[in-house]
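Dear colleague,

Please find below the structure that I am handing over to you. My findings follow after it.

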Amino acid sequence: MSVGLDDVVAAETALSHVDGEAGRLIIRGFDLEELAGHQSFEAVASLLWRDLAAAGDAMAVRRALGAARVAAFPIAERLLPMSAGLSPVEALRLMLSGLSDASPVPGHVLVTAAMPVFVAAITRHRDGLAPVAPDATLAQAADFLRMLRGQAASPAEIHALDTYLVTVIDHGLNASTFTARVVASTRAGMVSSVIAGLCALKGPLHGGAPGPVLDMLDEIGTPERIRPWLEQALDNGERLMGFGHRVYRVRDPRADVLKHVAATLRAGANRIQFADEVERAALAILAERKRSRPLQTNVEFYTALVLEALALPRETFTPVFAVGRVAGWAAHVLEQEAANRLIRPQSRYVGPLPKRAA
């Protein structure tokens, strides 16, 4: 038996492939590095949805998402008062439950468009601000930042967020994607399947690492404390946040993409240069101490730096991740529904057996 289903093939997919040994992520026949930073979120969503839902080209997807964002906004306005006391992920779960599988908008478009509308509205509501209505003419990343801030973002910021959304759009059969596929296999529908994926993402072992990366940088504080702090943390048996990955045995290719994005934002009031120093020191120390298993920088390290440089609150990092990943979840739901097979694995019973009568 494989604990955690490691190395168990549970599905065939044409959407993405994670090669942990080579440090390679393939999205629909393209290396991630060919897409992130070069193709828009809409273009890559169209690529994922191709042959599954007649998505059309990138501009068709952009128009469809813009119209669907407008359609989703009244739901955000109606449910915001009910989100008081909920965490951002819990509030997002609440709002997604307001979507209907009977909507005239195709399900994959509806959930993908609604996610940034809801996350922006939730974030502003927590700050005592009214939600900002979507602009259907804008691309997803540009409109998301505008809805968050109430004003247009710079081209560099829009490009950075767009690249991030592409970088995290799909990643094999991770916990949230597998959960979405399991629910989809019951014919529960797109909305229920995506909500299930979000619930899996809520767990700190899957979607919660970027915030703690910043907590680590906060605690280190200054350049002269970097190496002593890292060594003390390892001496205490603690994990260095942003390093190591369940699948990748070499560097996470998404980390390289986001490191380049972070470099484009370095001129702002951020600590990206300080994070570069922390990364160099951490990799050197891990190479000294973890010789049997190389630990490299993962996507969470530079996700934290990019999202912080975009002035996003830490508690929204997981919901913002979902703004990108939802297009992948939707593609997997469509692919699973086309497979027309209920996912029903077996278990091995290890409990007591009934006592036979004498």
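Predicted model: local features only at pLDDT ≥ 70, side-chain atom pairs only at ≥ 80, totals over all residues.

Helix α5 covers residues 107-126. With 20 residues at 1.5 Å a residue, the helix should span 28 Å, and the distance of 28 Å between its end C-alpha atoms therefore agrees with that expectation. The helix does carry a kink of about 25 degrees at A114, shortly before the proline P116. Just after α5, G128 adopts a positive phi of about 75 degrees.

The strands come next. Strand β1 (residues 16-19) and strand β2 (residues 24-27) run antiparallel and are joined by four bridges. Within this pair, V18 stands opposite L25 of β2. The two strands, β1 and β2, form a hairpin with four residues between them, and G23 in the turn has a positive phi of about 65 degrees.

Strand β2 also pairs with strand β3 (residues 30-31), in the antiparallel sense and over two bridges. Here I26 stands opposite D31 of β3. Two residues lie between the strands in the hairpin of β2 and β3, where R28 takes a positive phi near 50 degrees.

Yours sincerely

Definitions and conventions:
Residues numbered from 1 in each chain as written. Heavy atoms only, no water. Expected span 1.5 Å × (residues − 1). Bend = angle between axes of the 7 residues up to and from the residue. Pairing = 2+ DSSP bridges.
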